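Please read this briefing alongside the sequence and the coordinates.

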Amino acid sequence: MINYGRQNINSKDIKNVVKTLSSNWLTSGPKIHEFEKKISKLIGAKYCASVNSATSALHLACLSLGLKKNDYLWTSSNTFVASANCGLYCGAKINLIDIDEENYNIDIKLLEKKLIIAKKKNKLPKIIIPVHFAGLPCDMKKIYSLSKKYKFKIIEDASHALGAKYFNNRIGSCKYSNITIFSFHPVKMITTGEGGVAATNDKKIYKKIASLRDHGIDRLSFRSKKKPWFFSQTDLGYNYRMTDIQASLGISQLDRLGKFVLERNKIAKFYHRKLLSLPLKLPKVPKNYISSYHLYVVQVLDKCVKKNRDNLIKFLFKKKIRCAVHYIPIYKHKFYKKIFPINTKYIQNELYFRRAISLPIYPDIKKRELNKVVFTIKQFFNR
């Protein structure tokens with residue numbers, strides 16, 4: 001079976017993990033600090049706090065910015081549920097923004113219209129979470145400009161976008177946001193098994209997240225020469241810590257990030273070249289953007305009822321090609337149907353969801369496997 005995504009683990013990764021397993025530290029030790037410093041240097045952010053998942057990072061990011069009951073959090077309608085769940089964890093109310101038909105990220109023009117209406121109703125968001133879908137950055141300059149006008153905070157959900165660039169700035173530099181979140185799930189750009197980080201340039205935010213990930217404990221402020229063992233819990237926190245075992249894998253993986261991004265872009269170019277003649281809408285990357293291509297999403301155009309997206313998925317599965325759909329829109333989930341009225345309209349997301357399919361893309365996919373994917377898709381349309 002050819003999967004839509006897959007981790008890349010080599011002998012160096014294994015050696016790094018085994019070395020940590022033989023050391024004195026397995027949980028929160030020196031590898032955590034090494035990993036965080038390495039990511040900070042890579043993305044150009046002053047601080048990085050590692051955690052056990054990007055979901056945890058999103059939750060702590062919201063808490064660090066003071067999100068509370070009855071505040072408003074806005075995010076994209078086309079994302080994994082964690083981008084919205086983090087707001088509910090804090091008791092906030094969730095609002096969704098429809099997507100741009102060209103890049104599948106938040107529709108900036110629609111966002112501005114909704115902000116104008118929200119201001120009149122005194123329901124402006126405290127936090128907006130733009131999602132860099134599939135590894136393509138959102139237009140952060142415009143979102144940042146709106147944040148200054150309407151006084152909201154920005155958390156970039158960059159779970160797909162480690163290694164991506166926006167106008168020569170690495171995603172994660174937080175030039176246009178308060179916090180950026182990355183995911184290290186196995187199908188992401190690099191992996192720590194499970195894991196994530198919250199990056200920021202604000203020391204106060206960093207200290208808050210670092211404390212909350214460790215039960216809300218402050219280990220430094222209360223220590224003295226007389227009591228080097230002493231610490232105190234100052235907040236109600238969580239056990240969201242990453243382990244040294246995970247960090248040692250991440251340290252090794254980071255050395256190959258550039259190669260991973262390059263390979264994903266090569267695969268995307270291959271698909272674009274081979275699929276251009278078919279009734280598919282292919283992804284585009286604007287000038288001054290570099291996508292990390294976590295996903296390669298195409299849309300099956302509405303030219304023939306029988307040649308629709310669902311039938312293409314079934315056909316690919318029969319040929320042992322496991323593709324996926326990213327994402328089931330948040331408002332379509334059973335849980336969120338209780339929150340969003342059935343008559344809520346997300347026109348572009350509806351169209352996108354009916355037609356979208358994520359094709360296999362990962363650094364060590366074989367050329368013969370890529371050729372099989374392309375051949376099978378052409379076979380489907382030429383039947």
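In which sense do strand 1 and strand 9 pair, and over how many bridges? Strand 1 (residues 47–51) and strand 9 pair in the antiparallel sense over 5 bridges, where two strands count as paired if DSSP finds at least two bridges between them. This is a predicted model, in which local features need pLDDT of at least 70 and side-chain atom pairs count only at pLDDT 80 or more, while totals for chains, interfaces and linings use all residues. Residues are numbered from 1 along each chain as its sequence is written, and side-chain values use heavy atoms, with hydrogens and water left out.

**Strand 9 and its partners**
- Helices (H or I, at least four residues) and strands (E, at least two) are DSSP runs, numbered from the N terminus.
- Within the pairing of strand 1 with strand 9, Tyr47 has Thr200 as its bridge partner.
- Strand 8 (residues 179–183) runs antiparallel to strand 9 and is joined to it by 4 bridges, with Gly196 of strand 9 as the bridge partner of Ser183.
- Strand 9 (residues 196–200) is mostly covered, 5 of its 5 residues being buried, that is, under 20% relative accessible area with a 1.4 Å probe and protein chains only, whereas exposed means over 50% and partly exposed lies in between.
- Gly196, Ala198 and Thr200 point one way from strand 9, while Val197 and Ala199 point the other way.

**Gly196**
- Gly196 counts as buried because its relative accessible area is 0%.
- Leaving aside neighbours within four places in sequence, Gly196 is in contact (heavy atoms within 4.5 Å) with residues including Ala49, Val51, Phe182, Ser183 and Met242.

**The open sheet 12-14-15**
- Three strands form an open sheet in the order 12-14-15, with antiparallel pairing.
- Strand 12 (280–281) and strand 15 (356–359) stand at the edges with a single partner strand each, so one side of each is left without a neighbour in the sheet.
- Helix 9 (residues 257–275) packs on this sheet, touching strand 12, strand 14 and strand 15, and its direction makes about 20° with that of strand 14; axes are lines fitted to C-alpha atoms, for helices over the stretch in contact, and angles run from 0 to 180 degrees between N-to-C directions.
- Helix 12 (residues 347–355) lies across strand 12, strand 14 and strand 15, running at about 95° to strand 14.

**Val18**
- Val18 is found in helix 1 (residues 11–21).
- Val18 counts as partly exposed because its relative accessibility is 44%.
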